[in-house]
Amino acid sequence: MYWKNAFVHTLREVPSEAETISHKLMLRAGMIQKLSAGIYNYLPLGLRVIRKIEAIIRDEMEKCNATELLMPMVIPAELWQESGRWDYYGPELLRLTDRKNNPFLLGPTHEEVIVDVVRKSVRSYRDLPLCLFQIQTKFRDEVRPRYGLMRGREFIMKDAYSFHADQESLEEMYWAMYKAYAAIFGRCGLEFRAVEADSGTIGGSVTHEFHVLADSGEDTIAFCDSCDYAANVEKAAARQPLPAALPADASMPQEVATPGRTSIEDVASFLAVNPRDTVKMLIYEVDSEYYVAVCVRGDLVVNEVKLRTVLDAKAVTIPSDEIVRDKLKLAVGSMGPRNFPAGTVREVIADLSVRAMGKSVCGANRDGYHLTNVYPVRDLTFKRFEDVAVVVEGDPCPRCDGGRLKMRKGIEVGQVFKLGEKYSKPMSLTFLNDQDSPSLMTMGCYGIGVGRTAAAAVEQHHDDDGIIWPAAIAPYSVALLCLDTGSEEVYRLSKSIHDALEKNGIDVLLDDRTERPGVKFKDADLIGCPFRITVGLRGVKEGVVEFKRRHEKSLEKISKDSCAETILKIIGRQS
RNA sequence: CGGGGUGUAGCGCAGGCCGGUAGCGCACUUGGUUUGGGACCAAGGUGUCGUAGGUUCGAAUCCUAUCACCCCGACCA
């Protein structure tokens, strides 16, 4: 490919909208271009990266006996009404009507459609198991799209759906997909981690997310430093300590004045105790219907995802101080679980950490007062203990002895789900089993954010000069710089190298512009092809061209006459 | 959706308080000099100042409304 034909337009300055590295670099490298908030044009260079990722995905999907199809992006509302998601899904779902005023939606995911596809065709257990996938543009009207391809409204996703006669078959496919995902991200040259996760609104029970490790990630993952336990922090559990024993000399709770101290930090320092020895109590509003009180050890944070799961709720939010004070008649800043006036809340839930506490401080349920000498095992009367706290670095691993949890930031690029009968039931996806009786299919679904994978690769592989693409997903393997387009000899040599590489199946981008060398070097670094070949007057006079790897400083000089073969050998060895 | 901010040339920005010929850098075009890490000189083109209304002799500037975009938060297979 010749640069002049490749539609590569790099930017020297960063458009002001970009914040994250991948967003900035992909814009500057001329890979993407914004059309609207969270909606991007994929320019030729960016599209090549997308296509390479897609090719790897297709290859691995086919190894799992998954077959590709393509479903429409515009979906009749009817199907979603059938599954119940038409009402359940919030404003993230873009709804539209056609000229006859019939309701449609832009697909944010395709469970309903695939179920419809399969139920129209599959009747017998003999057709199962079955796995179908597509690579399609999705639309989710995100509240706040940001970070370029990382969190767009329109985005390309690979989604696969599997159908099974029984749980064992689903299990088998689930782990086959799990392995395929590991292979895909490995082949893309990414450092990633598969983690246990919360299954969220899509439903189902067991799920793993695949995260590319990068400091800029939006998710936090916790993993054990000695075994292979890893989980999204939303889900991560720690080994819970045993309930504390009550010391024989334990004295009775005592009310102390703590004027104006309403935060854990203030109360702890005022009473000269560690925040670990205080009990924090928070009020949550659940599904806009009722309230609960939640206690955690003072230094911990309530995990709202866990809380939601524990309450089987859709949403939990912290109400304003005014509501807590005026409507619930509670002492904001001085709430505590001992003698808690629970009349206005449905129940009190305590984190397991509280049970393990010894002598503690908690609110006295009276403005400006706290209690000291509280022993939760003795003084707290409520019964419900749950794991509702966010784990912290150093917590003991829930799986193994002696392991400690560590934290990293991750970018979620893929997820595998066991859906079970969540869609097959409301949509009557049945088959005849070998007993000749109708039975519900059980399903799995498996997604990969293709654009997000590209962005994650940039987050993980770049330097001050630009992108450093992993070889397998680079837009071109080789940036071939012809420094002196005015010289017949240099130009001819450049072209012959270009042709020889292309003939051997190597992607090569020949910079044939009449630009100064500095510009070409800068652009080559920015675009980030793994290999660079420089053909210039200076080298040609000595009979050499230069070969450089994007991630290394050093250059190799290669005889110009045998350079195509030499380079083929080097690249063949590496990729 | 709550809080904050920005819309002026393709990109990055100044101008705005204090109304009076719309500017700078990069990019682009032409000519020349340069030529191995984003060159230099000269000349040139480029705008409904986000949109609509209002105040005024006169609005990028003041007022009102509105739209878009960005950041923080909430939200998110």
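A pocket is an open set of grid points, on a 1 Å grid over the protein atoms alone, with protein on both sides within 12 Å along at least five of seven lines. The structure described here is a predicted model.

**The second largest pocket**

The second largest pocket has a volume of about 360 Å³. Its lining is made up of 22 residues, and those nearest the centre of the pocket are T262, M281, L282, G333 and M335. Sorted by kind, the lining of this pocket holds 13 nonpolar residues, seven polar ones and two charged ones. At least two lining residues come from each of α8, β14 (279-286), α10 (321-327) and β18 (360-363). Of these elements, β14 supplies the largest share of the lining, with five residues.

**Helix α8 and S269**

Helix α8, which contributes to that lining, spans residues 264-270 and contains S269. S269 counts as exposed because its relative accessibility is 57%, and the cut-off for exposed is over 50%. Between S269 and R550 there are 53 Å in space, C-alpha to C-alpha, and the two are 281 residues apart in sequence.

**Cysteines**

How many disulfides does a search of the whole structure find? The search returns zero. A disulfide would need two cysteine sulfur atoms within 2.5 Å. For C295, the closest cysteine sulfur belongs to C362 and lies 8.0 Å away, so the pair is too far apart for a bond. C397 is likewise in no disulfide, the nearest cysteine sulfur being that of C224 at 3.6 Å. The table sets out the two sulfur distances.

| Cysteine | Nearest cysteine sulfur | Distance |
|---|---|---|
| C295 | C362 | 8.0 Å |
| C397 | C224 | 3.6 Å |

Are C295 and C397 buried or exposed? C295 is buried, with a relative accessible area of 0%. C397 also counts as buried, because its relative accessibility is 1% and the cut-off for buried is under 20%.

**The largest nonpolar core**

The largest nonpolar core has 65 residues. Which of them touch the most other members? They are M31, M61, M177, Y181, I184, Y446 and W469. Helix α7, residues 167-187, gives the most to this core, with eight residues. The core draws on domain 1 (3-237 + 407-458) and on domain 3 (476-574), taking at least three residues from each.

Terms used
Residues are numbered from 1 along each chain as its sequence is written. Chains are lettered from A and ligands numbered from 1 in the order in which they are written. This is a predicted model: local features need pLDDT of at least 70, side-chain atom pairs count only at pLDDT 80 or more; totals for chains, interfaces and linings use all residues. Side-chain values use heavy atoms; hydrogens and water are left out. Helices (H or I, at least four residues) and strands (E, at least two) are DSSP runs, numbered from the N terminus. Buried means under 20% relative accessible area, exposed over 50%, partly exposed in between (1.4 Å probe, protein chains only). On a 1 Å grid over the protein atoms alone, a cavity is a set of points where a 1.4 Å probe fits but cannot get out, and a pocket is an open set with protein on both sides within 12 Å along at least five of seven lines; lining residues have an atom within 4 Å of a point. Grid points are joined across faces, edges and corners, and a volume is the space filled by probe spheres set on the points. Ala, Val, Leu, Ile, Met, Phe, Trp, Tyr, Cys and Pro count as nonpolar, Asp, Glu, Lys and Arg as charged, and the others, Gly among them, as polar. A nonpolar core is a set of buried Ala, Val, Leu, Ile, Met, Phe, Trp, Tyr and Cys residues joined through side-chain atoms within 4.5 Å. Domain bounds come from an automatic or database domain assignment.
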